[in-house]
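Please look over the sequence and the model before reading on.

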Amino acid sequence: MKVLATQAVEPSFLQVVAMGLVTVFVVLICLIIIIKLMGALMGNRTGSTPAASAPVPAAPAAPAPAAAAVSAAPNKQQLVAAISAAIAEEMGSGVEHIKIHSIRRL
């Protein structure tokens, strides 16, 4: 009786690369499915899904000549007041805590 010698066959470089790519994409697809399922479950738990909620009305468009108004700015006090109010709102503090030294167009 003849005994067959078993040899370990090593995979080629392309086989290793292909298996790695297949593994990565299979795991990514599984993650996508899991995240979508969790989103559906959480949406049902809260009672509303983002797609089912009422659409938010669009904000009115800013007037186009606003840039021209900044350059002309006949009333600089209103411009300074508007800029300081916007900065105060962004910083979360009052207007009295802001001191504007100069306003330059960028």
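**Overall fold**

The structure is a predicted model. The protein contains three helices and zero strands, and its pattern along the sequence reads α-α-α. Of the 106 residues in the protein, 6% are buried.

**Surface**

The protein has an accessible surface of about 10,100 Å². Carbon and sulfur atoms account for 69% of that surface. A nonpolar surface patch covers about 990 Å². The residues that make this patch are Phe13, Leu14, Val17, Leu21, Val24, Phe25, Val27, Leu28, Leu31 and Ile35.

**Two residues**

One of the patch residues is Val27, which lies in helix H1, residues 13-46. Ser84 is placed in helix H3, residues 76-91. The table sets out the relative accessibility of these two residues.

| Residue | Relative accessibility | Class |
|---|---|---|
| Val27 | 43% | partly exposed |
| Ser84 | 9% | buried |

Ser84 counts as buried because its relative accessibility is 9%, and buried means under 20%. Val27, with a relative accessibility of 43%, is therefore classed as partly exposed, the class that lies between buried at under 20% and exposed at over 50%.

Which residues does Ser84 touch, when those up to four places away in sequence are not counted? Ser84 is in contact with Val95, Ile98 and Ile100.

Definitions and conventions
Residues are numbered from 1 along each chain as its sequence is written. This is a predicted model: local features need pLDDT of at least 70, side-chain atom pairs count only at pLDDT 80 or more; totals for chains, interfaces and linings use all residues. Side-chain values use heavy atoms; hydrogens and water are left out. Patches are made of residues with over 30% relative accessible area and no salt bridge: like charges are joined within 9 Å, nonpolar side chains (Val, Leu, Ile, Met, Phe, Trp, Tyr) within 5 Å. Accessible areas come from the Shrake-Rupley method with a 1.4 Å probe; for residues, only the protein chains shown count as cover. A salt bridge is a side-chain nitrogen of Lys or Arg within 4 Å of a carboxyl oxygen of Asp or Glu. Helices (H or I, at least four residues) and strands (E, at least two) are DSSP runs, numbered from the N terminus. Buried means under 20% relative accessible area, exposed over 50%, partly exposed in between (1.4 Å probe, protein chains only). Contact means heavy atoms within 4.5 Å.
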